[in-house]
Amino acid sequence: MDLGQARIGVAISDDARRMAVPLGTIRTGAPEDIKAIARIVAENSVTEVVVGLPLGLSGESGEAADHARKFAEALRGALGITVSAQDERLSTVQAERELRSARVRGQARRAVIDQAAATIILQAYLDRRRSRP
């Protein structure tokens, strides 16, 4: 998940946990956002949720990272499954670049940027897990 101010981008992986694909967005705002995520988890038999951790370029934690950690903790309590964090530095920049190169512009790009960033975050997490010994 890519936590934004107004929307949460959501991506999901295949059953083999090899490839991330965009799923959509959820409007932020408690408790409805948690309920919407719970529905996604139930409908897709999700066993783990990955939340993007927005660290600064230096790796330092700031207000946004603190918010992501608190949100992840709320998800753990509500869902009862593993909730992990993934460094998301530059994921939105990469998503913007990829959408621009695909010639997705204006309102169409704004509509999918959050789920594109969520896909990049989840794919990085899946790749990192696969590369562990």
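The following legends describe close-up views of a predicted model.

**Figure 1. Helix H2 and its length.** Helix H2 is formed by residues 63-79. H2 is followed by Gly80, a residue with a positive phi near 70°.

Figure 2. Ala65, Ala68, Phe71, Ala72, Leu75 and Leu79 are the buried residues of H2. They cover an arc of only 120° around the axis, which puts them on the same side of H2. An α-helix has 3.6 residues a turn, so residues three or four places apart point the same way. Glu63, Lys70 and Gly77 are exposed on the other side of H2. The cover over the buried residues of H2 includes both strands and a helix: strand S1 (2-3), strand S2 (7-13), strand S4 (48-53) and strand S5 (82-87), together with helix H1 (32-43).

**Figure 3. His67 on helix H2.** His67 is found in helix H2. With a relative accessibility of 46%, His67 counts as partly exposed, whereas Ala68 is among the buried residues of H2. His67 and Pro54 are 13 residues apart along the chain, and their C-alpha atoms are separated by 9.3 Å. Both His67 and Pro54 belong to the lining of the second largest pocket.

**Figure 4. The second largest pocket.** This pocket holds about 260 Å³ of space. Its lining consists of Leu3, Gly4, Gln5, Ile8, Thr28, Asp33, Pro54, Ala64, His67, Ala68 and Phe71. H2 supplies four residues, the largest share of the lining. By residue class, the lining of the second largest pocket divides into six nonpolar, four polar and one charged.

**Figure 5. The largest pocket.** About 420 Å³ of space lies in the largest pocket of the model. The lining comprises 22 residues, and those nearest the centre of the pocket are Ile12, Ser13, Val46, Thr47 and Glu48. At least two lining residues come from each of S2, H1, S4 and helix H4 (106-131). H4 gives the most to this lining, with five residues. The lining of the largest pocket divides into 14 nonpolar, four polar and four charged residues.

**Figure 6. The cis peptide bond between Ala30 and Pro31.** Ala30 and Pro31 are joined by a cis peptide bond, with omega about -5°. Ala30 is found in the loop between strand S3 (20-27) and H1, and Pro31 likewise lies in the loop between S3 and H1. Ala30 is exposed, its relative accessible area being 73%, which is over the 50% that marks an exposed residue. The C-alpha atoms of Ala30 and Asp114 are separated by 18 Å, the two residues being 84 residues apart along the chain.

**Figure 7. Arg17 in the loop between S2 and S3.** Arg17 lies in the loop that runs between S2 and S3. Its phi is near 60°, a positive value in a residue other than glycine. Arg17 has a relative accessible area of 34% and is therefore partly exposed, given that this class lies between 20% and 50%.

**Figure 8. Helix H3 and its packing against H4.** Ser91, Ala95 and Leu99 are the buried residues of helix H3. They cover an arc of only 65° around the axis, which puts them on the same side of H3. The buried residues of H3 pack against H4. On the other side of H3, the exposed residues are Arg97 and Ser101.

**Figure 9. Arg103 after helix H3.** Arg103 is found in the loop between helix H3 (91-101) and H4. H3 is followed by this residue, whose phi is positive. The phi of Arg103 is near 65°, in a residue other than glycine. Arg103 has a relative accessibility of 65% and so counts as exposed.

Definitions and conventions
Residues numbered from 1 in each chain as written. Predicted model: local features only at pLDDT ≥ 70, side-chain atom pairs only at ≥ 80, totals over all residues. Heavy atoms only, no water. Expected span 1.5 Å × (residues − 1). Buried < 20%, exposed > 50% of the residue type's maximum accessible area, 1.4 Å probe, protein only. Arc of directions from axis to C-beta. Contact = heavy atoms within 4.5 Å. 1 Å grid on protein atoms, 1.4 Å probe; cavity = no way out; pocket = protein on both sides within 12 Å on 5 of 7 lines; lining within 4 Å. Points joined across faces, edges and corners; volume = space filled by probe spheres on them. Nonpolar A, V, L, I, M, F, W, Y, C, P; charged D, E, K, R; others polar.
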